[in-house]
Amino acid sequence: QVQLVESGGGSVQPGGSLRLSCAASGSIFSINAMGWYRQAPGKERELVATISGGGISVIPTYADSVKGRFTIARVNALNTVTVNLQMNSLKPEDMAVYYCYAASISAVRYWGQGTQVTVSS
């Protein structure tokens, strides 16, 4: 089992920045990819960014809508894995509940509790 704890959501004006963090604990040795999805009211959950592997094999990918504005990074430690999402130049259309996920090497997915990001003037 993998436990995910998210932090860092909040409210910001358009053009502002927020940083989301997701700390994974438990069976972290089984984790392959980690990343973030988001879901806005009335819309399907969509993949925002994902990062695979560790060390020199880290490979980030982004949704087209956030490329150049969001940066995902992964920090591997002895007992935890943390994935951060730096969000810059936020737009109203970025407003959603953001969910951290971790995918194990056996394709099991774990989810965080979700954190609200509000972008409004």
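Tyr-37 and Tyr-101 are both buried, where buried means under 20% relative accessible area, exposed means over 50% and partly exposed lies in between (1.4 Å probe, protein chains only). Before we go on, please note that this is a predicted model, in which local features need pLDDT of at least 70 and side-chain atom pairs count only at pLDDT 80 or more, while totals for chains, interfaces and linings use all residues. Residues are numbered from 1 along each chain as its sequence is written, and side-chain values use heavy atoms, with hydrogens and water left out.

Let us stay with the aromatic rings. The structure holds 3 aromatic pairs; rings of Phe, Tyr and Trp (its six-membered ring) pair if their centres lie within 6.5 Å, and planes under 30 degrees apart count as stacked, over 60 as edge-to-face and the rest as tilted. The ring centres of Tyr-37 and Tyr-101 are 5.4 Å apart and the planes stand at 75 degrees, so this pair is edge-to-face. Because Tyr-37 belongs to strand β4 (residues 31-39) and Tyr-101 to strand β9, the pair ties together parts that are 64 residues apart in sequence. Strands here are DSSP runs (E, at least two residues), numbered from the N terminus.

Tyr-101 also forms a tilted pair with Trp-111, at 5.9 Å centre to centre and 45 degrees between the planes. How accessible is Trp-111? At 36% relative accessibility, Trp-111 counts as partly exposed, whereas Tyr-101 is buried at 3%. Arg-45 lies over the face of Trp-111, 4.7 Å from the ring centre, and also over the face of Tyr-99, at 3.9 Å; such a charge counts if NZ of Lys or CZ of Arg is within 6 Å of the ring centre and within 35 degrees of the ring normal.

Cys-22 is joined to Cys-100 with an S to S distance of 2.0 Å, a disulfide being a pair of cysteine sulfur atoms within 2.5 Å. The two cysteines sit 78 residues apart, Cys-22 in strand β3 and Cys-100 in strand β9 (residues 96-104). Cys-22 is buried at 0% relative accessible area, and Cys-100 is buried at 0%.

Strand β3 in turn belongs to an open antiparallel sheet of 4 strands, in the order β1-β3-β8-β7. β1 (2-7) and β7 (70-76) each have a single partner strand, so one side of each is left without a neighbour in the sheet. β1 and β3 (residues 18-26) pair over 6 bridges, and pairing requires at least two bridges found by DSSP.
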